[in-house]
Amino acid sequence: MKESNNAIIISAHFDHIGYQDGKLIRGAIDNASGVSVLLESAKDLASKYKLKKPKYDIIFAAFNAEELGLIGSSKFVDDFKDKYDSWYNINIDCIGIKGEGGLAVKNSDSKSQPLYDDFIEILEENNIYYEMVPYARNKEGRIVGSSDHMSFRINNDASLVVGQDGIVGIVHTKEDNMS
């Protein structure tokens, strides 16, 4: 039920690559990890706003077909973009890899920079490790992957991806498992 003219969309995709080269890819990092954080965030925010409504509508969205080209998030943006005066997206994808880098927080979109600035401030206040690197970069520093936050950016809306550095070479391989 819409109660505001502004919204925050918190999202994660629930599909994963499945089989690749005849091997089952479990999808624990890409993206059971993001869906887990999405569900915990929904629980925490429901508790926080039990007595007092938030300033913005908060929409939790679990998208399908991210691996097939951002199909679910693109459809969501198309269907809902005119229902709000303003909105922004916080997308959660690929986190919690043991022994790997921190959260990747380098941004290349000027409209999204205020979100990243606020996010970095919260990370620093809570002593959470992050790196000033782009999400889904390879060892040469080139971005080789994307996520559902791009559906919002394509629509010229602000978005933030919460993802871990060091995922390239793990996701979409047999290493993408619970261990």
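Predicted model: local features only at pLDDT ≥ 70, side-chain atom pairs only at ≥ 80, totals over all residues.
Me: Happy with that. In what order do the strands of the open sheet stand?

Reply: Strands of a sheet pair through backbone hydrogen bonds, either parallel or antiparallel. Strands here are DSSP runs of E, at least two residues long, and helices are runs of H or I of at least four, numbered from the N terminus; two strands pair if DSSP finds at least two bridges between them. In this model 4 strands form an open sheet in the order β4-β1-β5-β8, with parallel pairing. β4 and β8 each have a single partner strand, so one side of each is left without a neighbour in the sheet. From one strand to the next the twist averages 20°. β1 and β4 pair over 7 bridges, and S11 has A61 of β4 as its bridge partner.

Me: Where does α1 lie, and at what angle to β1?

Reply: Axes are lines fitted to C-alpha atoms, for helices over the stretch in contact (heavy atoms within 4.5 Å), and angles run from 0 to 180 degrees between N-to-C directions. α1 lies across β1, β4 and β5 (86-92), running at about 145° to β1. Helix α2 (residues 71-80) packs on the sheet too, touching β1, β4 and β5. The buried residues of α1 pack against β1, β4 and β5; among them are A28, I29, V35 and L38.

Me: Which residues touch the most other members of the largest nonpolar core?

Reply: In soluble globular proteins, nonpolar side chains tend to be buried together. A nonpolar core is a set of buried Ala, Val, Leu, Ile, Met, Phe, Trp, Tyr and Cys residues joined through side-chain atoms within 4.5 Å. The largest has 28 residues, and L103, V105, F119, Y135, V162 and I167 touch the most other members. α3 (113-125) gives the most to this core, with 5 residues. F119 touches L103, V105, L160 and V162, not counting residues up to four places away in sequence. Apart from this core lies another, of 10 residues, including A7, I9, F63 and F76.

Me: How many salt bridges are there?

Reply: Side chains of opposite charge can pair when their charged atoms come close. A salt bridge is a side-chain nitrogen of Lys or Arg within 4 Å of a carboxyl oxygen of Asp or Glu, and the count comes to 6. One of them joins D109 and R153 (3.8 Å, N to O). D109 lies in the loop between β6 and α3 and R153 in helix α4 (residues 149-154), so the pair ties together parts that are 44 residues apart in sequence. R137 forms another with D165, at 3.0 Å between the closest N and O atoms.

Me: Are R137 and D165 buried or partly exposed?

Reply: R137 is partly exposed at 24% relative accessibility, whereas D165 is buried at 8%.

Key. Residues numbered from 1 in each chain as written. Heavy atoms only, no water. Buried < 20%, exposed > 50% of the residue type's maximum accessible area, 1.4 Å probe, protein only.
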